[in-house]
Amino acid sequence: MNAETIGRNTWVQIHTILLLPEERSSKIPDNTRAVPLESWVHGFLLNDSAHVGDEVEIETAIGRVVSGRLCDSCPGYTHTYGPTLPELAEIGRQLRSLRNALQ
Amino acid sequence: MSSSAGTYEAVMARKGEIIRRAVGIDYSRFESGSIAFDYEGMMASTGYNFDDVRKIQQLYGVGDTPLLELRNITALARRYAPPGKGARIFLKDEAANPSGSFKARRAATSIHHAGELGFTGVITATSGNYGAAVASQAAMHGLDCIVVQECYDSRGIGQPEIMEKARKCEAFGAEVLQLTVGPELFFVFLTLLEETGFFNASLYTPFAVTGIETLGVELTDQMRELTGSPPDAVVVTNAGGGNLTGTARGMCRAGARDTEIIAASVNLVGLNMADDAHFNRKSFTTGHTGFGIPFTTFPDRSDVPRSAARPLRYMDRYVTTRQGEVFYITEALARLEGLERGPAGNTSLAAAFSIAQEMDRSQTIVVQETEYTGAGKHVQPQLAFARENGIEVRIGDPREEVPGTSIVLPEDPAIISAPDLDLKDLRRRYIKHAVTFARERLEQAGTTCRSHSPLQFDKEDIDFLSAETRSSLDTVESMLRETGCRA
């Protein structure tokens, strides 16, 4: 458990279980029905202070108030261009030689 | 609201009234017979004619994108084509739209209309480029925006492409609600519409689909200017069917009545889009058969009662490509043409590369979209993610690719192909779905109808099904008889 105290108005992420497995649609694959329907959303913490794992309220980017379990403070974007794939470098070399053959 | 009013069943039971209020269209006024509805009447009911739509788009920087000739990719295709074959390939660079894809066209009229009606915000349910388009247009109009995304599997793992789209929506000031896998996303969407009173910026309203007609008109006019005539063929990446429907309608409006309209989807056959275990085993989140085939054979499965996207009415041909081929052609577009674009938008380019080789050298083929690229939404992170999730990624023969198991990048572009789906089979499947739909409607209306009793279809229904499937009246009647219905 992260002991860091997170203050009011901090930009955070919360997690909510929207439907338990038994509340889900009957018309979905077994793999999906075996697990809950969950959601994540970002917003400003409305509680005076909280810790990761606490039930909190937030105000989203458009001012909606949503409650859920605090899971992150100042969440960032971590997607990248990924590690190099040698196959793509190989394709690049092939395309260059094809281009030279066309000229 | 009491808690029982918020259950899945209770909310779904109110979906008709929620949608009617959130779209401002009473769909029942267009309906007749057991299945028929007045499609053109619905399309004309928006209160915006084509010139209005174009003006709105121009006011908000949407459309008027460049059409580029892909000379080097054409030369490469001709290398593998039989003598005299190898059509000129052109590309409509839709990534030049404000939100980075053609979806800005789809959002423009919807968001304008929401503002005119006095809505203070809009909601859309999408993991694709449409979210960014709605968020961008909402920002321009000073409206709030919520985007509901299907984003993660039950391990909390999401594809880098979807992560990037979430980032872009938030960059435009939208609230992004990220969900785990499951069609109950629609339930969440309805709950939010009720809670906020926002406008449903659906992909499938007449506003949205009319917005794409400008793309068809522009590309026809641009081809006339560049080559003297409309293209001989246009290839459209097909998922929900709106891109194809709007483009084809626009081309028809511009007088391009002889152009072959070709749908293309990435082949993900065998993967179930609603299955938690399959969710991260695909490397395309849209433009694939998992949406393309269900929406072609039953367009009214969308978030509005009657979809304005009805691709079977317009397609002359429907081909598939493989994930590895689309990734390869994305690399080729960057390396040979100097255009770095997102992979999903290049589905139709992979198909066009193969189809051009069947066509005469004097002919032309247009790939009608590109999409933006960036971190996450790019060949490298998408393939790396696939590999991390146990998908075999290798160079070889793409015909050996098994969706969900392998991605095979072609060892030679000569083997890129675009196999045809059987349109007759898709039409039969459409009729089967239509019969089920009509039966469910009867049952919902409380009409006595045992599930095995034959449904009656009158002349209006048969005419409608004939237009929907581009089949003769006799063919429709015979397909209906196959399902056990009286025509």
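Colleague: What is the mean pLDDT of chain B?

Modeller: Where pLDDT is low, the predicted coordinates should not be read in detail. pLDDT is the predictor's confidence in each residue, from 0 to 100. For chain B the mean is 94, and 97% of its residues reach 70 or more. The model as a whole scores ipTM 0.96 and pTM 0.95.

Colleague: On to sheets. In what order do the six strands of the open sheet in chain B run?

Modeller: Strands of a sheet pair through backbone hydrogen bonds, either parallel or antiparallel. Here two strands count as paired if DSSP finds at least two bridges between them. Strands (E, at least two residues) and helices (H or I, at least four) are DSSP runs, numbered from the N terminus. In chain B the order is E1-E2-E10-E7-E8-E9, with mixed pairing. E1 and E9 (317–321) are the edge strands, each pairing on one side only.

Colleague: Which strands does E2(B) pair with?

Modeller: E2(B) pairs with E1 (residues 67–69) of chain B in the antiparallel sense, over three bridges. Leu68(B) has Leu91(B) as its bridge partner there, and Leu67(B) stands opposite Lys92(B). With E10 (residues 364–367) of chain B, the pairing is parallel, over four bridges, and Ile89(B) stands opposite Ile365(B).

Colleague: Are the residues of E2(B) buried or exposed?

Modeller: A residue is buried if 20 or more other C-beta atoms lie within 10 Å of its own, exposed if 12 or fewer, and partly exposed in between, with C-beta atoms placed from the backbone. E2 (residues 88–92) of chain B has five of its five residues buried. Arg88(B), Phe90(B) and Lys92(B) point one way, and Ile89(B) and Leu91(B) the other way.

Colleague: Now helix packing. At what angle do H16(B) and H17(B) pack?

Modeller: Two packed helices are described by the angle between their axes and the distance between the axes. Axes are lines fitted to C-alpha atoms, for helices over the stretch in contact, and angles run from 0 to 180 degrees between N-to-C directions. H16 (residues 423–444) and H17 (residues 459–469) of chain B pack at about 140 degrees, with their axes 10 Å apart. Contact means that the C-beta atoms of two residues, placed from the backbone, lie within 7 Å. H16(B) brings Arg427(B), Tyr430(B), Ile431(B) and Ala434(B), and H17(B) brings Leu465(B), Glu468(B) and Thr469(B).

Colleague: And between the chains, how many residues does each one give to the contact?

Modeller: Chain B gives 48 residues and chain A gives 36. Several elements of chain B supply at least two residues each, including helix H5 (71–80) and helix H15 (379–388). There is strand pairing too: E3 (residues 37–45) of chain A and E5(B) are antiparallel over two bridges, and Ser39(A) has Leu179(B) as its bridge partner.

Colleague: Why does Pro381(B) count as buried?

Modeller: Because Pro381(B) has 23 C-beta neighbours inside 10 Å. This proline is found in helix H15 of chain B. Leaving aside neighbours within four places in sequence, the residues in contact with Pro381(B) include His79(A), Tyr81(A) and Pro160(B).

Notes
Residues numbered from 1 in each chain as written. Chains lettered and ligands numbered in written order. Predicted model: local features only at pLDDT ≥ 70, side-chain atom pairs only at ≥ 80, totals over all residues.
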